[in-house]
Amino acid sequence: MSALVTIALGANLPRGTDSPRDTLALAMAEMSSPESPLIGPRFSRIYRSTPVRAEGPSFANAVAVGRCNLAPLALLTWLHNIEVAFDRIRTKSSGPLVPSAARTLDLDLVDVEGIAMNTMHLTLPHPRAGQRAFVMVPWAEIDPDRLVTLLPGVQQSVSAWAAACPVDPALSPWEIAVA
(Lines give C-alpha, C1' and ligand atoms only; values in the text may rest on other atoms or scores of the structure.)
Protein backbone atom coordinates (compact mmCIF):
# COMPACT_ATOMS: atom_id res chain seq x y z
CA MET A 1 0.00 0.00 0.00
CA SER A 2 1.41 3.39 -0.92
CA ALA A 3 1.94 6.23 1.53
CA LEU A 4 2.06 9.95 0.89
CA VAL A 5 5.66 11.15 1.30
CA THR A 6 7.20 14.60 1.56
CA ILE A 7 10.80 15.23 0.55
CA ALA A 8 12.75 18.47 1.00
CA LEU A 9 15.35 19.30 -1.66
CA GLY A 10 18.24 21.69 -1.10
CA ALA A 11 21.56 22.69 -2.64
CA ASN A 12 24.00 25.55 -2.17
CA LEU A 13 27.08 24.49 -4.13
CA PRO A 14 27.43 24.32 -7.89
CA ARG A 15 27.90 20.89 -9.46
CA GLY A 16 30.22 21.29 -12.41
CA THR A 17 28.57 23.94 -14.56
CA ASP A 18 25.16 23.44 -12.91
CA SER A 19 24.01 26.03 -10.41
CA PRO A 20 22.25 24.81 -7.24
CA ARG A 21 18.94 25.78 -8.90
CA ASP A 22 19.85 23.71 -11.98
CA THR A 23 20.79 20.78 -9.73
CA LEU A 24 17.37 20.85 -8.06
CA ALA A 25 15.66 20.89 -11.44
CA LEU A 26 17.72 17.86 -12.52
CA ALA A 27 17.00 16.06 -9.23
CA MET A 28 13.28 16.73 -9.74
CA ALA A 29 13.53 15.18 -13.20
CA GLU A 30 15.21 12.11 -11.66
CA MET A 31 12.46 11.89 -9.04
CA SER A 32 9.86 12.01 -11.86
CA SER A 33 11.55 9.43 -14.08
CA PRO A 34 9.88 6.09 -14.91
CA GLU A 35 12.50 4.36 -12.68
CA SER A 36 11.52 6.47 -9.66
CA PRO A 37 9.63 4.80 -6.81
CA LEU A 38 7.62 8.02 -6.44
CA ILE A 39 4.12 7.88 -7.86
CA GLY A 40 2.75 11.14 -9.23
CA PRO A 41 5.27 13.47 -7.61
CA ARG A 42 4.39 17.16 -7.42
CA PHE A 43 7.00 19.84 -6.86
CA SER A 44 6.97 23.31 -5.41
CA ARG A 45 8.73 26.18 -7.07
CA ILE A 46 12.40 26.51 -6.29
CA TYR A 47 13.09 29.02 -3.54
CA ARG A 48 16.19 30.95 -2.51
CA SER A 49 16.93 30.91 1.24
CA THR A 50 19.52 31.85 3.83
CA PRO A 51 21.62 28.92 5.12
CA VAL A 52 20.43 27.64 8.52
CA ARG A 53 23.18 25.91 10.49
CA ALA A 54 25.01 25.44 7.18
CA GLU A 55 28.09 26.88 5.57
CA GLY A 56 28.32 28.59 2.22
CA PRO A 57 26.13 30.67 -0.07
CA SER A 58 22.34 30.89 -0.27
CA PHE A 59 20.39 27.69 -0.79
CA ALA A 60 18.04 26.65 -3.54
CA ASN A 61 15.15 24.77 -1.86
CA ALA A 62 12.02 22.95 -2.98
CA VAL A 63 9.63 20.28 -1.74
CA ALA A 64 8.28 17.17 -3.45
CA VAL A 65 5.09 15.36 -2.47
CA GLY A 66 4.09 12.01 -3.95
CA ARG A 67 3.07 8.49 -3.12
CA CYS A 68 5.56 5.66 -2.59
CA ASN A 69 5.39 1.92 -1.96
CA LEU A 70 8.87 1.68 -0.41
CA ALA A 71 9.47 1.42 3.33
CA PRO A 72 10.91 4.66 4.75
CA LEU A 73 14.49 3.38 5.11
CA ALA A 74 14.44 1.99 1.55
CA LEU A 75 13.17 5.35 0.28
CA LEU A 76 15.92 7.12 2.25
CA THR A 77 18.52 4.84 0.64
CA TRP A 78 17.14 5.71 -2.81
CA LEU A 79 17.34 9.43 -1.96
CA HIS A 80 20.94 9.06 -0.73
CA ASN A 81 21.85 7.28 -3.98
CA ILE A 82 20.53 10.28 -5.91
CA GLU A 83 22.64 12.58 -3.71
CA VAL A 84 25.74 10.51 -4.49
CA ALA A 85 24.95 10.65 -8.22
CA PHE A 86 24.88 14.44 -7.83
CA ASP A 87 28.31 14.48 -6.14
CA ARG A 88 27.06 14.88 -2.56
CA ILE A 89 29.79 14.26 -0.03
CA ARG A 90 28.50 13.55 3.47
CA THR A 91 30.57 14.74 6.40
CA LYS A 92 30.18 13.92 10.07
CA SER A 93 29.29 16.84 12.30
CA SER A 94 30.67 16.93 15.80
CA GLY A 95 27.46 18.10 17.43
CA PRO A 96 24.07 19.72 16.99
CA LEU A 97 25.45 23.27 17.06
CA VAL A 98 28.15 22.66 14.44
CA PRO A 99 27.21 24.06 11.02
CA SER A 100 26.51 21.52 8.32
CA ALA A 101 28.81 21.45 5.32
CA ALA A 102 27.78 23.13 2.09
CA ARG A 103 26.41 20.61 -0.38
CA THR A 104 25.64 19.98 -4.02
CA LEU A 105 22.35 18.23 -3.15
CA ASP A 106 20.46 17.40 0.03
CA LEU A 107 17.32 15.24 -0.06
CA ASP A 108 15.57 14.97 3.30
CA LEU A 109 12.68 12.63 3.92
CA VAL A 110 10.41 14.95 5.92
CA ASP A 111 7.22 12.96 6.38
CA VAL A 112 5.75 9.59 5.52
CA GLU A 113 1.99 9.48 6.00
CA GLY A 114 1.07 7.75 9.23
CA ILE A 115 4.61 6.84 10.28
CA ALA A 116 6.54 8.10 13.29
CA MET A 117 9.96 6.59 13.87
CA ASN A 118 13.28 7.41 15.47
CA THR A 119 16.27 5.30 14.43
CA MET A 120 19.98 5.93 14.05
CA HIS A 121 19.40 6.64 10.33
CA LEU A 122 16.00 8.29 10.17
CA THR A 123 13.59 10.27 12.32
CA LEU A 124 10.05 10.79 11.06
CA PRO A 125 8.61 13.25 10.88
CA HIS A 126 11.77 15.30 10.37
CA PRO A 127 12.45 16.78 13.82
CA ARG A 128 13.04 20.37 12.65
CA ALA A 129 10.80 20.62 9.57
CA GLY A 130 8.08 22.59 11.33
CA GLN A 131 10.62 25.27 12.29
CA ARG A 132 12.10 25.75 8.83
CA ALA A 133 10.41 28.18 6.47
CA PHE A 134 12.52 26.87 3.59
CA VAL A 135 10.69 23.53 4.00
CA MET A 136 7.26 24.62 5.15
CA VAL A 137 6.64 27.49 2.70
CA PRO A 138 7.33 25.39 -0.42
CA TRP A 139 5.37 22.49 1.09
CA ALA A 140 2.41 24.78 1.79
CA GLU A 141 2.52 25.89 -1.84
CA ILE A 142 1.66 22.39 -3.08
CA ASP A 143 -0.16 20.77 -0.13
CA PRO A 144 -1.53 23.58 2.10
CA ASP A 145 -4.49 21.78 3.67
CA ARG A 146 -2.78 18.50 4.53
CA LEU A 147 -2.91 17.81 8.25
CA VAL A 148 0.44 16.70 9.68
CA THR A 149 1.82 16.07 13.15
CA LEU A 150 5.33 17.51 13.11
CA LEU A 151 5.56 17.74 16.91
CA PRO A 152 4.12 15.16 19.32
CA GLY A 153 0.46 15.95 19.93
CA VAL A 154 0.40 18.93 17.55
CA GLN A 155 -1.52 18.30 14.34
CA GLN A 156 -2.25 21.20 12.02
CA SER A 157 -2.31 22.05 8.35
CA VAL A 158 0.91 22.48 6.42
CA SER A 159 -0.07 26.13 5.81
CA ALA A 160 -0.46 26.69 9.59
CA TRP A 161 2.98 25.19 10.20
CA ALA A 162 4.39 27.47 7.47
CA ALA A 163 2.76 30.56 9.01
CA ALA A 164 4.31 29.72 12.41
CA CYS A 165 7.88 29.39 11.10
CA PRO A 166 10.55 31.96 11.90
CA VAL A 167 10.69 34.45 9.05
CA ASP A 168 13.59 34.27 6.60
CA PRO A 169 13.57 37.64 4.80
CA ALA A 170 15.65 36.10 2.01
CA LEU A 171 13.15 33.31 1.32
CA SER A 172 11.68 33.98 -2.11
CA PRO A 173 10.64 31.99 -5.16
CA TRP A 174 13.49 31.57 -7.59
CA GLU A 175 11.28 30.63 -10.52
CA ILE A 176 8.01 29.04 -11.48
CA ALA A 177 7.39 25.39 -10.66
CA VAL A 178 9.60 22.93 -12.54
CA ALA A 179 7.10 20.09 -12.89
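Trainee: How many helices and strands does the protein chain have?

Mentor: The protein chain has four helices and 10 strands, where helices (H or I, at least four residues) and strands (E, at least two) are DSSP runs numbered from the N terminus. This is a predicted model, in which local features need pLDDT of at least 70 and side-chain atom pairs pLDDT 80 or more, while totals for chains, interfaces and linings use all residues. Residues are numbered from 1 along each chain as its sequence is written, and side-chain values use heavy atoms, without hydrogens or water.

Trainee: In what order do the elements run?

Mentor: Starting at the N terminus, the order is β-α-β-β-β-α-β-β-β-α-β-β-α-β.

Trainee: And how much of the chain is buried?

Mentor: Of its 179 residues, 46% count as buried, meaning under 20% relative accessible area with a 1.4 Å probe, protein chains only.

Trainee: Switching topic, which residues lie nearest the centre of the second largest pocket?

Mentor: Those are D111, I115, P125, T149 and L150, out of 17 lining residues. A pocket is an open set of points on a 1 Å grid over the protein atoms alone where a 1.4 Å probe fits, with protein on both sides within 12 Å along at least five of seven lines, and lining residues have an atom within 4 Å of a point.

Trainee: Which element gives the most to that lining?

Mentor: That is β8, with five residues; both β5 (106-112) and β8 (147-151) supply at least two.

Notes. Buried < 20%, exposed > 50% of the residue type's maximum accessible area, 1.4 Å probe, protein only.
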